[in-house]
Amino acid sequence: MRYSKNKDFNTYVAGLIKSGEWAFIPKGSTKHACIRHLASGVKCPVPGSPNSNPAGLLNFKTLTRRIAHPWRSVRLCSG
């Protein structure tokens, strides 16, 4: 299945869906298709045709990691 026109986004989203932790919600009446984390129920939009910004994929990966593992994004202060 094709999730995005960008091959890097498409490969990454396909891996998330294949892992079984995420479900794909196709574009219906909304502007973007989404993926939903099954454990938390949080949705994340998948860009259909992302721009050529190289940080876009890294930002998307960070967003999905923070949704899947919210306790890892908390920073502890030392001192």
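Asparagine 51 sits in the loop that links strand 3 (43-46) to helix 2 (55-68); helices (H or I, at least four residues) and strands (E, at least two) are DSSP runs, numbered from the N terminus. This is a predicted model: local features need pLDDT of at least 70, side-chain atom pairs count only at pLDDT 80 or more, and totals for chains, interfaces and linings use all residues. Residues are numbered from 1 along each chain as its sequence is written, and side-chain values use heavy atoms, with hydrogens and water left out.

- An open sheet of three strands has the order 1-2-3, with antiparallel pairing; two strands pair if DSSP finds at least two bridges between them.
- Strand 1 and strand 3 are the edges, each with a single partner strand, so one side of each has no neighbour in the sheet.
- Neighbouring strands of this sheet are turned by 30° against each other on average, direction ignored.
- Strand 1 (residues 22-25) and strand 2 run antiparallel and are joined by four bridges.
- Across this pair, alanine 23 stands opposite arginine 36, and isoleucine 25 has cysteine 34 as its bridge partner.
- Strand 2 and strand 3 are also antiparallel, again with four bridges.
- Here isoleucine 35 is partnered by cysteine 44 of strand 3.
- Strand 2 and strand 3 form a hairpin with five residues between them. In the turn, glycine 41 has a positive phi of about 80°.
- Strand 2 (residues 33-37) is mostly covered, with four of its five residues buried. Buried means under 20% relative accessible area, exposed over 50%, and partly exposed in between (1.4 Å probe, protein chains only).

**Helix pair**

- Two packed helices are described by the angle between their axes and the distance between the axes.
- The axes of helix 1 (residues 7-19) and helix 2 come within 10 Å and cross at roughly 15°. Axes are lines fitted to C-alpha atoms, for helices over the stretch in contact, and angles run from 0 to 180 degrees between N-to-C directions.
- Helix 1 and helix 2 are therefore roughly parallel to each other (under 35 degrees; over 145 is roughly antiparallel, 65 to 115 roughly perpendicular and the rest oblique).
- The crossing of helix 1 and helix 2 is right-handed, meaning that the near helix is turned clockwise from the far one by less than a right angle.
- From helix 1, Asp8, Phe9, Tyr12, Val13 and Leu16 meet Gly56, Leu57, Phe60, Lys61 and Thr64 of helix 2. Contact means heavy atoms within 4.5 Å.
- The residues of this contact divide into six nonpolar, two polar and two charged. Ala, Val, Leu, Ile, Met, Phe, Trp, Tyr, Cys and Pro count as nonpolar, Asp, Glu, Lys and Arg as charged, and the others, Gly among them, as polar.

**Helices on the sheet**

- Helix 1 lies across strand 1, strand 2 and strand 3, and runs at about 120° to strand 1.
- Helix 2 packs on the sheet and touches strand 1, strand 2 and strand 3. The direction of helix 2 makes about 165° with that of strand 3.

**Loop residues**

- Asparagine 51 is exposed, at 58% relative accessible area.
- Asparagine 51 and asparagine 6 are 45 residues apart in sequence and 8.9 Å apart in space, C-alpha to C-alpha.
- Glycine 20 belongs to the loop between helix 1 and strand 1. Glycine 20 is partly exposed, with a relative accessible area of 45%.
- Glycine 20 and leucine 38 are 18 residues apart along the chain, and 8.3 Å separates their C-alpha atoms.
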